[in-house]
Every structure is written in C-alpha cells, then in structure tokens.
Amino acid sequence: MNNSSCPRVNLDFTNRFLPPVYILVFIIGLVANGWGLKSLLQKWKKLGNINIFVLNLGLADILYLLTVPFLMVYYIKGSKWIFGDTFCKVTRFCFNLNLNGSIGFLTCISVYRYMAIVHPMRVMGRITVTHSVGISVMVWLLVSVQSLPDMFYSKTLENNTEKCHDSTSDVYVEDYLKYSLGWTLTGFCIPFLITLGCYGHVIVVLCRTNATDTVLKQRSLKLLLILILLFSVCYIPYYVLRNLTLWSRVLSKQKICHEWFNGVYIAQQISRGLVCLNSALNPLVYLHGNEDIPAQLRQLLQRARQMFSRLFMSNSGSVPVAQTANDV
C-alpha cells in the first residue's frame with residue numbers, strides 16, 4: 001500500500017530484548033572462550049595445524065565480547081549512545097570483524113578437514129604451521145577490508161537523538177543496502193557453500209570407505225552438525241533479515257509501506273541476538289577438537305555437586321546451634 005508517510009516501527013522491543021541476550025552472551029562467551037583457549041594451548045602439539053584457525057576463531061570472539069558491555073549500556077538507556085561517534089564505529093567494526101572472521105576461520109577449518117580426509121597423501125607433510133599462519137593473516141586482512149567500508153557510513157546523531165546504528169541512518173540506507181548485499185554474497189554465501197561442499201564430500205567419502213576409522217567418521221559428523229547449527233541458528237537468519245530490514249527502510253523512505261515492516265524489524269532484532277550467540281557457540285569447535293574437555297566438564301560438574309552438597313550439609317548442621325543461641 002502507498003501512504004504519504006509510513007507508521008514508525010516500534011523500537012521498544014529492541015531495548016527489552018537485546019540487553020538480557022548481551023549479558024548472557026558476555027558471561028558464557030568469556031568463560032567458554034577463555035576455558036577453550038586455555039585447553040587449546042595446553043594441547044597445542046596434539047591438535048595439529050588446524051589449531052591455528054581455532055585460536056584465531058577464539059581471538060575474534062574475545063575481541064567482540066570486549067565491546068558487548070558498551071552495547072548493554074546503550075540499549076539499557078533506551079538506544080542512547082553516550083560513548084561518541086568514533087567508538088560507535090569501532091564497536092560496530094569489531095562486531096563485523098568477529099562475524100566475518102568467524103565464518104572465514106570456520107571455512108578454513110572445513111577445508112583443512114576436507115584435505116586431510118579426502119586427499120591425505122597429497123597434503124601429508126606439505127601443510128605446515130607457517131602455511132596456517134599465513135592463511136590466518138590473509139583471512140584477517142580480507143575480513144578487515146570487507147568490514148572497513150562500514151565505518152565510513154554515518155551511525156550517530158539522527159534527528160537530534162544520539163544513536164549507534166548497526167547499519168546506517170536513513171540518509172544513506174540505499175547505498176548501504178547495496179554494500180550489505182555484496183557483503184552477504186562474498187562474506188557469507190560463498191564461504192557457506194565452500195563449507196557445505198567440503199563436509200558433504202567428506203561424509204560421502206567416509207560412508208563409502210569401509211576401512212575408515214569409525215571414530216573419524218563420528219568426529220567428522222559431529223563437526224558437520226556443529227557447523228550446520230552455527231550457520232542455521234546464528235548466520236542465515238541474520239543475513240536474510242538484515243537485508244530485508246534494509247529493503248523495508250528503503251521502501252519507507254520512498255513512502256511505500258507494507259504491513260510486514262514491523263514484523264521483519266522484530267525478527268531482525270531476534271536474529272541480532274542469535275548472531276551474537278556465535279561467540280558463545282564457537283567454543284563447541286574446541287569441544288570437538290579436544291577429547292579431554294568433556295572429561296573436564298564432568299569433573300567440574302562433579303566438583304560443583306560435591307561443593308553444594310557440603311554447603312548444604314554445613315548449613316543444615318548449623319541450624320540447631322543457631323536456634324539454641326537464640327533461645328538463650
């Protein structure tokens with residue numbers, strides 16, 4: 001339908017939904033990534049060349065998590081940014097760097113696993129730590145170049161209210177939509193297809209080869225499921241809804257209104273919360289790569305149960321003493 005002006009999208013949902021999500025992601029993400037990186041470094045030689053990419057994946061997550069407290073304050077204050085235009089751009093840049101970097105390093109892990117399983121004789125002894133470091137540097141450079149244009153779009157001070165847009169203001173939304181579509185193609189679609197192709201071929205090869213180790217089959221299937229989980233929950237909804245929201249803003253600017261605008265906006269805010277979860281879910285890669293971590297988890301849970309049991313017994317034993325003292 002065409003109107004002279006479109007009704008404003010309800011922004012209250014964002015301020016209610018995102019702060020709890022950010023708090024949860026910040027706590028779980030820091031604990032999981034810190035623990036995962038510690039375990040990774042302790043088993044450095046055992047994990048092989050692929051650990052270079054896992055290490056960079058964890059560093060990308062921590063880089064983003066350090067900016068999350070500022071976003072918490074922003075949304076708790078009702079979407080009022082108090083940290084300045086430059087730091088707003090830095091915060092959004094770190095998010096884009098984490099997003100693109102995570103997808104990039106997950107793709108590298110997939111390609112390495114593919115080469116090691118499907119073409120083991122061709123790569124045996126030819127892929128060194130130096131190669132992995134060089135590829136990691138290239139990934140950081142590529143995702144930085146990909147994320148850098150975002151910093152040149154206006155993100156604050158719209159209509160005399162301080163905002164920190166995750167995209168840009170309405171003035172430049174048409175150009176930003178074009179940039180976002182290009183970013184979606186190169187930063188998400190192509191890596192996703194490469195990852196899917198690698199693991200699809202790996203599963204076919206493993207299923208056809210009866211002599212292949214059963215443990216290797218199980219680990220490859222687990223990693224495939226982890227990657228499908230990450231892409232399906234975190235990445236696919238975000239990229240689809242992000243571009244739909246930008247398109248709806250372009251139409252609104254042209255005074256073309258549709259009833260689905262508000263629904264798409266709310267769904268996109270949910271997808272923003274889900275995409276942040278990648279920083280908390282990426283340590284699943286550590287769990288896959290290190291057989292000792294599940295055992296460590298069981299030990300921690302057992303210790304926690306013992307501690308709570310002792311605490312409960314201690315509190316139970318102190319009740320009669322407290323009552324006697326009060327009676328006296």
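This is a predicted model: local features need pLDDT of at least 70, side-chain atom pairs count only at pLDDT 80 or more; totals for chains, interfaces and linings use all residues.
Axes are lines fitted to C-alpha atoms, for helices over the stretch in contact, and angles run from 0 to 180 degrees between N-to-C directions. Residues are numbered from 1 along each chain as its sequence is written, and side-chain values use heavy atoms, without hydrogens and water.

**Helix H1**
- H1 covers residues 12–42; helices are DSSP runs (H or I, at least four residues) numbered from the N terminus.
- Its end C-alpha atoms lie 45 Å apart, in agreement with the 45 Å that 31 residues should span at 1.5 Å a residue (1.5 Å times one less than the number of residues).
- At Leu18, shortly before the proline Pro19, H1 has a kink of about 25°, the angle between axes fitted to the seven residues ending there and the seven starting there.

**Packing against H3**
- The axes of H1 and H3 (residues 51–65) come within 10 Å and cross at roughly 150°.
- H1 is therefore roughly antiparallel to H3 (over 145 degrees; under 35 counts as roughly parallel).
- Contacting residues (heavy atoms within 4.5 Å) include Tyr22 and Phe26 in H1 and Val54 and Leu55 in H3.

**Packing against H10**
- H1 packs with H10 (residues 260–276) at about 10°, with axes 9 Å apart.
- That makes the two helices roughly parallel.
- Among the contacting residues are Phe13 and Phe17 of H1 and Tyr265 and Arg272 of H10.

How values were computed:
Angles under 35 degrees count as roughly parallel, over 145 as roughly antiparallel, 65 to 115 as roughly perpendicular and the rest as oblique.
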